[in-house]
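Have the sequence and the structure open side by side as you read.

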Amino acid sequence: MTEAILRVAFSGPHVTIQDAGRPGLMRYGVSASGPMDRQSFKLANAVLGNPPGHPGIEISLGGLSLRCKSGAVTLALAGGGFIAETPDRKLGAWNVLTLRAGETLTIRPGPWGSWSYLAFAGNLQAESWLGSRATHGSSGFGGGKLAMGQTLTITNAQALPNREGPIPCPIWARPRHLLRCTLGPQDRFFNTETLNTFTSARFEMSDAFDRMGLRLRGPSIAPTAALSIPSEPILRGSVQVSGDGTATVLLSDHQTTGGYPKIATVLADDLDAFVQCRPRDAAMFQAITPAQAIAITRQNAIRFAAFEDRLRRA
Amino acid sequence: MQPTPNAPIFRPIAERAVLVEFGTVLGQAAHQAVLRLDQALAAQRFVGFRESVPALVNLLVEFDTLATDHPTVIAHLRGLLTAQTIACPQPAQREVLICYDTDLAPDLAAVAQQSGLTPEAVINAHLFGNYAVFMYGFAPGYAYLGGVPKAIRLDRKPSPVRGVAAGSVIIAGAQCLITTLLMPTGWWIIGRSPTAILTRDPARPFLFDVGDKVHFRRISRAEYEAAQ
């Protein structure tokens, strides 16, 4: 069995091991976790011929540096306009390269994007929790956060020189500022004027942006009364509004229940590209009907499958 | 239109979920209706079912957008409600061990003082409660138990305390919870339990199902240490 051993020479905060996540456990207080940008993560795996949920690494704006101690492994880097450097090469994300013993790969933020994904031609060894290696935010269970000095083992590591080269970056993987959503489920706690403000105003992303959620700045969209609604289930993409009128979009490591009213819920597909925005970027909401949301998602699925299929065949 | 246990409101969410509301304020009838529908759904799933999440007065049902849609899911759920002749499932009875030693129960004295009781009376009141799992939330295995007796119901603290150990038994209002992680909390810490809610058993990773009845059994420090 061929192994590649990588040492984490540097790891910024919020750099974690992820796979497709662990859906189905919200009733036990466990959010699904998984990649912030699920589509880029899937493409990184697709280009290497991996199954869609193959474990990989999610890299934040904090960056990551890996030194290959032994063996060799081909890697795909997709998601965001990050920069990947080895001693003799400087590449953008959306590339496949091979890392060999003695070489160091440093990945850092580039001109755009907030999250990038590293997939391996081999099996990244990581702790599993409840059937998934995705890191669960609040508990740290699963694959976990990467830490400086840590060693990563890739079993069945393969060097695939014929796979090396650029990955086409689809336009829909670039930052998205217009978020399509359905109103509710607690839109009744907001008056018409506030709902109009919500769907017409320009919001701005704040620095409060992590795997749990993203707080927005903008006009107040306060609910009509100081409310205490019974805690109820939350979805990824829920836009919850605190009493002072501040909106937060909940993301991969969201809490499973909460008592703040949700003014709207963003389409899952739009979140993938939305999380590639950066603090101070604009965000706007467009209300659509549930039927339109379904039609859009089904069209997206066809488009995504065709693109993924081309990568797999290449 | 206000939802009621007999006439729920179905709210479609985004491209992938329906929230079934049986009420807008806490109430036993609404919560029982949530549990009944959740149970009926477990027995009779629809094509494209992803997951259901029972909460206090509503049930979230998530589905695969490529396999089904809101109207189909709502029709299935309405069908389950109409066909429902089954009584609420017989809840399982779970036991949670608790040690009230002072160093494991840093807020026992404060709860006693604010309730006008002796610490021993607070303990007895806590042990006397009829608890049921209303829902999970906040973090893995955080099961919200309703049923704290009126005599020891307090508002949460003005600000949370950091670094509260896993296994702490905490109360606020009518709710009680056994923590599973080192976490901040603004609830009152009245004891420590060696009973694992995250069981590490892959076949049954969580001790409780929503709806389970729970009672606390007092143990000595020696028993607590032995059960650790």
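A residue is called buried when its relative accessible area is under 20%, and exposed when that area is over 50%. This is a predicted model, so please read every value below as computed from predicted atoms.

By that cut-off A:S139 is buried, because its relative accessible area is 17%. You will find A:S139 in the loop of chain A between β11 (123-124) and β12 (151-155).

| Partner of the A:S139 side chain | Distance |
|---|---|
| A:H136, side chain | 2.9 Å |

Once neighbours within four places in sequence are set aside, A:S139 is in contact with B:P140 and B:L181.

Now turn to chain B and its helix α3, residues 108-115. Here B:L108, B:V111, B:A112 and B:S115 are buried. These residues lie on the same side of α3(B), because they cover an arc of only 100° around the axis. An α-helix has 3.6 residues a turn, so residues three or four places apart point the same way.

What do the buried residues of α3(B) pack against? Their partners are α4 (119-128), β9 (168-172) and β12 (188-192), which belong to chain B. On the other side of α3(B) sit B:A109, B:Q113 and B:Q114, which are exposed. Just after the helix α3(B) comes B:G116, with a positive phi of about 70°.

Note on methods:
Residues are numbered from 1 along each chain as its sequence is written. Chains are lettered from A and ligands numbered from 1 in the order in which they are written. This is a predicted model: local features need pLDDT of at least 70, side-chain atom pairs count only at pLDDT 80 or more; totals for chains, interfaces and linings use all residues. Side-chain values use heavy atoms; hydrogens and water are left out. Buried means under 20% relative accessible area, exposed over 50%, partly exposed in between (1.4 Å probe, protein chains only). Helices (H or I, at least four residues) and strands (E, at least two) are DSSP runs, numbered from the N terminus. The arc is that of the directions from the helix axis to the C-beta atoms. Contact means heavy atoms within 4.5 Å. A polar contact is a pair of N or O atoms within 3.5 Å; within protein, one must be able to donate a hydrogen and the other to accept it, and residues adjacent in sequence count only if both atoms are side-chain atoms.
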